[in-house]
Amino acid sequence: MKKNIFLLLIVLFCGLSAFGLTLEGNVSYTVDSARKFTFDNAVRHIPDSMVRPYMHDANFEANKDYIKYGAQPINYEIEVYKKGPFNLSYSIQYKNDRNKAYYYWKLDGALLFIDIRQISKTQKTKFPMKIYRYDTKGNLMAGGLVVSEDEMFLFDKNQKLITHRINNIGYNAKGKKQWRAVPIEF
C-alpha cells in the first residue's frame with residue numbers, strides 16, 4: 001500500500017511539473033563574460049563625419065538658458081552633470097536618434113565625447129545594451145554593457161574594468177565599493 005501511494009505521488013508530481021510555468025530569467029554576466037560580449041565586434045574608430053558636425057554645441061547659448069531655468073527643448077533632451085554644486089557638463093540626445101548622446105563642456109559648449117548605443121536588431125528587449133564612448137577624434141575610449149536597469153559594466157579601451165554598477169553602487173575589479181550614485185533634480 002505504501003509503495004502504491006509513493007508511486008502515485010511520484011507520477012502526480014511528475015505530471016504536474018509537465019504543466020509547470022516556464023520562467024524567463026535574465027542572462028547573468030561575470031566580468032569576463034561581460035568584457036567578451038562588450039568588445040565582440042566593437043568599432044574601434046568612427047568616421048570623422050560622425051564627429052565633426054558636433055564639435056561645438058550649435059545651440060550653446062539657448063542650452064545655457066534651458067539648463068539655467070530647468071527647461072527642456074522640443075527636439076532633444078538635455079541632461080546636466082554636476083560635481084558638488086557646480087554644473088560641469090551636459091549631454092544632448094536628439095529624439096530622432098536615441099542611440100547617440102553628445103557630451104559638452106558647460107563653459108564653452110565644446111564636445112567632450114560621444115556615446116553610441118548598440119542594440120541587436122533581433123533582440124526583443126532593450127537589454128543587454130552595448131554602449132561605446134568615442135573621443136573627439138573618433139577613437140574608442142570605453143565600452144560598456146548595460147545588463148538591466150540595475151546593472152552595468154564599464155571597461156576602458158584596453159578592456160580593463162572601470163566599474164561594475166549594481167543598483168546605485170559602483171564596484172571595482174576586486175569587488176570593493178567605489179561610489180554611490182545620487183540622482184539630481186533640475
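Glu-77 counts as partly exposed, at 33% relative accessibility. In this predicted model, Glu-77 forms a salt bridge with Arg-98, and their closest N and O atoms are 3.3 Å apart. The pair links distant parts of the chain, with Glu-77 in strand E1 and Arg-98 in the loop between E2 and E3, 21 residues apart. Arg-98 is likewise partly exposed, its relative accessible area being 36%.

## Overall organisation

The protein contains three helices and 10 strands. Along the sequence these elements follow the pattern α-α-α-β-β-β-β-β-β-β-β-β-β. Of the 186 residues of the protein, 30% count as buried. Among contacts between residues at least 6 apart in sequence, 32% join residues at least 24 apart.

## The sheet and the helices packed on it

The 10 strands form an open sheet with antiparallel pairing, in the order E1-E2-E3-E4-E5-E6-E7-E8-E9-E10. Strand E1 (76–83) and strand E10 (177–180) stand at the edges, and each has a single partner strand, so one side of each is left without a neighbour in the sheet. Averaged over the sheet, neighbouring strands are turned by 20° against each other, direction ignored.

Helix H2 (residues 31–39) packs on the sheet and touches E5, strand E6 (140–148), strand E7 (151–156) and strand E8 (161–166). The direction of H2 makes about 70° with that of E7. Helix H3 (residues 60–69) also packs on the sheet, where it touches E1, strand E2 (86–94) and strand E3 (100–105). The direction of H3 makes about 65° with that of E1.

## Strand pairings in detail

E1 and E2 pair in the antiparallel sense over eight bridges. Within this pairing, Phe-86 in E2 is the bridge partner of Lys-83. The two strands form a hairpin with two residues between them, and Gly-84 in the turn has a positive phi of about 65°.

Strand E4 (residues 111–118) and strand E5 (residues 129–134) run antiparallel and are joined by five bridges. Lys-130 in E5 is the bridge partner of Gln-118.

Four residues of H2 are considered here: Ala-34, Arg-35, Thr-38 and Phe-39 are buried. They cover an arc of only 110° around the axis, which puts them on the same side of H2. The elements covering these buried residues include E5, E6, E7 and E8, and these strands are touched by H2 as it packs on the sheet.

The face of H2 turned away from its buried side carries the exposed residues Asp-32 and Lys-36. Following H2 is Asn-41, which has a positive phi near 60°.

## Further salt bridges

Side chains of opposite charge can pair when their charged atoms come close. A search of the whole structure finds eight salt bridges, including the pair of Arg-98 and Glu-77. In another, the side chains of Glu-61 and Lys-64 meet with an N to O distance of 3.4 Å. Both residues lie in helix H3, three residues apart, or about one turn of the helix. Glu-61 is exposed, with a relative accessible area of 52%, whereas Lys-64 is partly exposed at 35%.

A salt bridge is also formed between Arg-133 and Asp-115, whose closest N and O atoms are 2.7 Å apart. Arg-133 lies in strand E5 and Asp-115 in strand E4, so the pair ties together parts that are 18 residues apart in sequence. Arg-133 counts as partly exposed at 26% relative accessibility, while Asp-115 counts as buried at 8%.

## The surroundings of Lys-100

Lys-100 lies in strand E3. The side chain of Lys-100 makes a polar contact of 3.0 Å with the side chain of Asp-97. Leaving aside neighbours within four places in sequence, Lys-100 is in contact with Met-50, Ile-92, Gln-93, Asp-115, Ile-116 and Arg-117.

Note on methods. Residues are numbered from 1 along each chain as its sequence is written. This is a predicted model: local features need pLDDT of at least 70, side-chain atom pairs count only at pLDDT 80 or more; totals for chains, interfaces and linings use all residues. Side-chain values use heavy atoms; hydrogens and water are left out. Two strands pair if DSSP finds at least two bridges between them. Axes are lines fitted to C-alpha atoms, for helices over the stretch in contact, and angles run from 0 to 180 degrees between N-to-C directions. Contact means heavy atoms within 4.5 Å. A salt bridge is a side-chain nitrogen of Lys or Arg within 4 Å of a carboxyl oxygen of Asp or Glu. Buried means under 20% relative accessible area, exposed over 50%, partly exposed in between (1.4 Å probe, protein chains only). A polar contact is a pair of N or O atoms within 3.5 Å; within protein, one must be able to donate a hydrogen and the other to accept it, and residues adjacent in sequence count only if both atoms are side-chain atoms. The arc is that of the directions from the helix axis to the C-beta atoms.
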